[in-house]
Amino acid sequence: MAAVTYELLKTDNRTKARRGRVHTPHGSIETPVFMPVGTAATVKAMRPEEVKEMGAQIILSNTYHLYLRPGHEIVREAGGLHKFMNWDRAILTDSGGFQVFSLGDLRKITEEGVEFRSHIDGSKHMLSPEKSIEVQNALGSDIMMAFDECAPYPADRNYVKNSLERTTRWLARCKEAHKNTDNQSLFGIMQGGMYQDLRYQSAMEIVDLDLPGYAIGGLSVGEPKELMYSVLDYCVDYLPANKPRYLMGVGSPDCLFEGVERGIDMFDCVLPTRIARNGTAMTSRGRVVIKNAAHERDFTALDPECDCYTCKNYSKAYLRHLFKSNEILSSMLLTNHNLHFLVKLMGNIRKAIEEDRFLEYKKEFYDKYGKF
């Protein structure tokens with residue numbers, strides 16, 4: 001049996017939304033779920049205990065960054081990523097593909113893999129499907145992502161077709177290289193850009209390898225949201241109903257709702273932590289930019305409907321003071337709130353699906369949140 005399995009619990013009666021459970025060696029994950037990103041084995045500005053206390057069931061870390069620093073062998077010697085970072089729940093590791101392809105002139109793509117120079121010290125490296133799996137096996141994550149190429153937007157059709165076919169060949173090599181199947185599961189990634197026939201081709205090729213789960217990559221890369229939604233509409237239909245479906249790199253509330261409505265089970269994004277460090281909070285009434293002068297004497301909580309640590313203890317005026325003073329506590333408190341907000345939102349979405357009122361909850365949320 002695969003280390004990671006999916007259990008379908010409930011399907012919404014009017015949409016593709018579904019309520020499920022992903023079973024992993026480090027506990028079960030209730031889906032749909034948002035996964036906080038801990039790129040370098042830490043969710044920025046957060047202690048692992050805080051992330052657990054808010055109800056996060058799984059976090060994401062990154063192969064590229066951990067390979068470069070501190071090095072996967074050091075993590076292996078520490079007993080794996082769970083022990084190294086003191087996190088006893090599930091971990092998903094990204095393959096590093098997106099990061100190396102984002103290096104532009106610092107990388108060169110070949111059939112073997114991607115030759116690149118480190119953004120840290122300029123040193124030369126080769127990240128291949130085999131190397132990505134070697135690193136992820138050493139990290140010991142519950143879910144490993146296949147090494148793929150994320151085509152940019154916009155991209156020429158021939159480029160996208162060649163790219164997805166190489167991604168399929170790389171996936172077969174990833175599967176062959178994966179040696180720790182009892183404790184880790186490998187997910188494949190669908191590519192194909194904005195071309196429906198190429199998405200179908202990619203899906204058929206990766207599903208044929210019979211993996212425990214599948215991701216939809218190559219979206220949220222600069223295309224209009226409506227285009228992303230229209231691509232999602234058919235992508236989900238090409239993936240097995242008995243396996244988890246993961247939409248990579250998406251984390252704004254509207255994208256979470258639209259993804260769930262189309263049958264997505266798993267999401268991740270750096271958005272909530274990044275905008276927190278820049279002084280922005282997600283609330284039930286929309287975004288709050290804490291540096292704005294309007295909050296200078298506002299002694300109310302960020303969000304009257306939120307029960308996170310930040311909202312129970314601090315005012316907008318104090319949070320503005322921290323941000324304007326460049327205090328580290330600003331990032332800590334705003335990150336705590338934003339992650340709590342999304343974790344709670346996904347819990348509410350799960351409950352709405354169970355009660356057959358997903359669309360009603362979506363409308364209620366949109367009416368209060370306002371413009372995205």
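**Entry 1: the model**
I am working from a predicted model, so I read every value below as computed from it.

**Entry 2: Val135**
I started with Val135 and looked up where it sits: helix 6, residues 129-139. Is Val135 buried or exposed? Val135 counts as buried because its relative accessibility is 0%, and the cut-off for buried is under 20%.

Next I asked which residues Val135 touches, apart from its neighbours within four places in sequence. I found contacts with Thr63, Tyr67 and His72. I then checked Thr63 in more detail: 72 residues separate it from Val135 in sequence, yet the two C-alpha atoms are 6.7 Å apart in space.

**Entry 3: Arg18 and Asp265**
I turned to charged pairs next. How many salt bridges does the structure hold? The count is 33.

I picked out the one between Arg18 and Asp265, where the closest N and O atoms are 2.8 Å apart. Arg18 is buried at 4% relative accessible area, and Asp265 is buried at 0%.

**Entry 4: Arg76 and Glu73**
Here I wanted a pair within a helix. Arg76 and Glu73 form a salt bridge through their side chains, at 3.1 Å from N to O. Both residues are in helix 3 (residues 72-77), 3 residues apart, or about one turn of the helix. Arg76 counts as partly exposed at 40% relative accessibility, and Glu73 counts as partly exposed at 36%.

**Entry 5: Asp367 and Lys363**
I moved on to helix 15, residues 358-369. The side chains of Asp367 and Lys363 meet there in a salt bridge, 2.8 Å from N to O. How far apart are they along the helix? They are 4 residues apart, which means about one helical turn separates them. I also noted that both Asp367 and Lys363 are exposed.

**Entry 6: a network**
Which residues are linked in a network? I noted Glu7, Arg19, Arg21, Glu30 and Glu354.

Technical notes. Residues are numbered from 1 along each chain as its sequence is written. This is a predicted model: local features need pLDDT of at least 70, side-chain atom pairs count only at pLDDT 80 or more; totals for chains, interfaces and linings use all residues. Side-chain values use heavy atoms; hydrogens and water are left out. Helices (H or I, at least four residues) and strands (E, at least two) are DSSP runs, numbered from the N terminus. Buried means under 20% relative accessible area, exposed over 50%, partly exposed in between (1.4 Å probe, protein chains only). Contact means heavy atoms within 4.5 Å. A salt bridge is a side-chain nitrogen of Lys or Arg within 4 Å of a carboxyl oxygen of Asp or Glu.
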